[in-house]
Amino acid sequence: EVGSLIMRINAALCLVEEELGEKATGTALTRIREAKATVGDMAGAIRNICYDIRPPALAVLGLGGAVTELVRRLGLCTETSIECDAANLDEKKGEDLVKIIVYRIIQEALNNALKHAGAGTVKVRLGTSAGRLRFSVSDDGRGFDPDRPEAGKKKSGLGLRIMREEAESVCAAVSVSSQPGFGTV
């Protein structure tokens with residue numbers, strides 16, 4: 001998204017440069033205004049990226065509250081039913097870095113479910129069991145072969161790899177259970 005906005009600004013500025021060379025100042029002024037508006041769009045996009053990386057709700061509401069808020073916000077943008085259960089979560093457990101990474105993994109799993117699964121329902125569960133933070137994101141969508149997640153796609157996605165790498169960075173693991181026609185957990 002940011003790359004697209006930068007290209008729009010660059011194109012507008014190139015046109016301004018040409019128009020000023022041809023003394024078409026009225027058109028150049030219009031292009032400058034368009035470029036300024038695009039800079040505003042880019043600032044908003046960068047703000048959204050920062051919010052998604054470390055949402056303020058995490059510090060205010062804790063992990064359970066932040067994930068519940070994420071589910072609420074996503075639910076407003078889709079017809080897919082998204083449920084969240086964080087009732088068994090002990091907020092005292094876990095470091096801030098772990099909570100951020102868990103939030104981002106859940107966020108990516110939700111995005112994958114909404115973008116690729118064609119699911120009617122997505123469920124997020126968060127809890128603490130035997131002193132460990134555990135969570136799941138499950139959907140009733142089309143599923144896929146976890147050994148070949150890119151099968152049938154034009155380009156390979158990074159989502160699963162990023163989720164696994166983020167989990168490994170805090171000595172945790174992500175497991176994926178899925179098969180075509182039977183959803184994903």
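In which helix is the place of Glu-166? Glu-166 lies in helix α5, which covers residues 159-168, where helices (H or I, at least four residues) and strands (E, at least two) are DSSP runs numbered from the N terminus. The model is a predicted one, in which local features need pLDDT of at least 70 and side-chain atom pairs count only at pLDDT 80 or more, while totals for chains, interfaces and linings use all residues. Residues are numbered from 1 along each chain as its sequence is written, and side-chain values use heavy atoms, with hydrogens and water left out.

Glu-166 counts as buried because its relative accessibility is 14%, given that buried means under 20% relative accessible area, exposed over 50% and partly exposed in between, with a 1.4 Å probe and protein chains only. Leaving aside residues up to four places away in sequence, Glu-166 touches Ile-101, Arg-104 and Ile-105, a contact being heavy atoms within 4.5 Å.

The helix pair can be followed from here. Helix α4 comprises the 22 residues 96-117, which should span 32 Å at 1.5 Å a residue, and its end C-alpha atoms are 30 Å apart, in agreement with that value; the expected span is 1.5 Å times one less than the number of residues. Just after α4, Gly-118 adopts a positive phi of about 65°.

Two packed helices are described by the angle between their axes and the distance between the axes. The axes of α4 and α5 come within 10 Å and cross at roughly 165°, so α4 is roughly antiparallel to α5. Here the axes are lines fitted to C-alpha atoms, for helices over the stretch in contact, and angles run from 0 to 180 degrees between N-to-C directions, with those over 145 degrees counting as roughly antiparallel. On the α4 side, Ile-101, Arg-104, Ile-105, Glu-108, Ala-109 and Asn-112 meet Gly-159, Met-163, Glu-166 and Ala-167 of α5.

Positive phi values also occur in residues other than glycine. Ala-130, in the loop between β2 (121-129) and β3 (132-139), has a positive phi of about 55°, and it counts as exposed because its relative accessibility is 78%. Cys-171, in the segment after α5, has a positive phi near 60° and is likewise exposed, with a relative accessible area of 78%.

Cys-14 counts as partly exposed at 37% relative accessibility. With a disulfide taken as a pair of cysteine sulfur atoms within 2.5 Å, the count comes to zero disulfides.

Methods
Parallel < 35°, antiparallel > 145°, perpendicular 65-115°, else oblique.
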